[in-house]
Amino acid sequence: MEIPRTINDPIQFLFWSLDEVYPVAVGLIWGIWFDHLFFGILLGIMAIRLYRRFRDRHPDGHLSHRMYWLGFCFSRSKTLPNPYIRTFYPCRK
């Protein structure tokens with residue numbers, strides 16, 4: 001696994017990209033909630049395998065693009081900027 005070197009690379013959590021960690025985290029939470037921890041983690045790992053197949057067959061950002069056109073707008077997201085903003089200014093802290 002290579003360490004991201006540019007701003008456009010996906011966010012990393014240990015050795016995995018952040019979008020691969022979400023299904024396991026959701027499966028873990030679901031497993032704890034319903035008292036089936038092993039089944040929840042297994043479900044999360046299976047979801048990662050399906051997601052990797054989808055991600056490898058489509059161009060980068062395809063899932064975000066599809067979610068945007070389905071109505072999920074990320075207007076306050078730091079990693080996915082609003083597509084209608086053409087000029088970015090530095091943030092003030």
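These legends walk through several close-up views of one predicted protein chain.

A note before you start: this is a predicted model in which local features need pLDDT of at least 70 and side-chain atom pairs count only at pLDDT 80 or more, while totals for chains, interfaces and linings use all residues. Residues are numbered from 1 along each chain as its sequence is written, and side-chain values use heavy atoms, with hydrogens and water left out.

**View 1. The whole chain, for orientation.** The protein chain holds three helices and two strands, arranged β-β-α-α-α from the N terminus on. Here helices (H or I, at least four residues) and strands (E, at least two) are DSSP runs, numbered from the N terminus. Of the 93 residues, 11% are buried; buried means under 20% relative accessible area, exposed over 50%, and partly exposed in between (1.4 Å probe, protein chains only). The chain exposes about 8,900 Å², with carbon and sulfur atoms supplying 64% of it; such areas come from the Shrake-Rupley method with a 1.4 Å probe, and for residues only the protein chains shown count as cover.

**View 2. Serine 17 in strand S2.** Serine 17 belongs to strand S2. With a relative accessible area of 8%, serine 17 is buried. Leaving aside residues up to four places away in sequence, serine 17 touches Pro10, Ile11, Gln12 and Arg55, where contact means heavy atoms within 4.5 Å.

View 3. The expected span is 1.5 Å times one less than the number of residues. Look for Glu20, Pro23, Gly27 and Gly31, which are buried. Seen down the axis of H1, these buried residues fall within an arc of 70 degrees, so they line one face of the helix; the arc is that of the directions from the helix axis to the C-beta atoms. Val26, Ile29, Ile32 and Trp33 are exposed on the other side of H1. The cover over the buried residues of H1 includes strand S2 (16-17) and helix H2 (37-57). Just after H1, aspartate 35 takes a positive phi of about 60 degrees.

**View 4. Helix H2 and its neighbours.** The 21 residues of H2 reach 31 Å from first C-alpha to last, close to the 30 Å expected at 1.5 Å a residue.

View 5. Isoleucine 41 lies in helix H2 and touches Gly27 and Leu28, not counting residues up to four places away in sequence. The C-alpha atoms of isoleucine 41 and valine 24 are separated by 5.9 Å, although the two residues are 17 apart along the chain. A relative accessible area of 29% makes isoleucine 41 partly exposed.

**View 6. A nonpolar surface patch.** Phe38, Phe39, Leu42, Leu43 and Met46 make a nonpolar surface patch of about 530 Å². Patches are made of residues with over 30% relative accessible area and no salt bridge, like charges being joined within 9 Å and nonpolar side chains (Val, Leu, Ile, Met, Phe, Trp, Tyr) within 5 Å. A salt bridge is a side-chain nitrogen of Lys or Arg within 4 Å of a carboxyl oxygen of Asp or Glu. Methionine 46 lies in helix H2 and, at 47% relative accessibility, counts as partly exposed.
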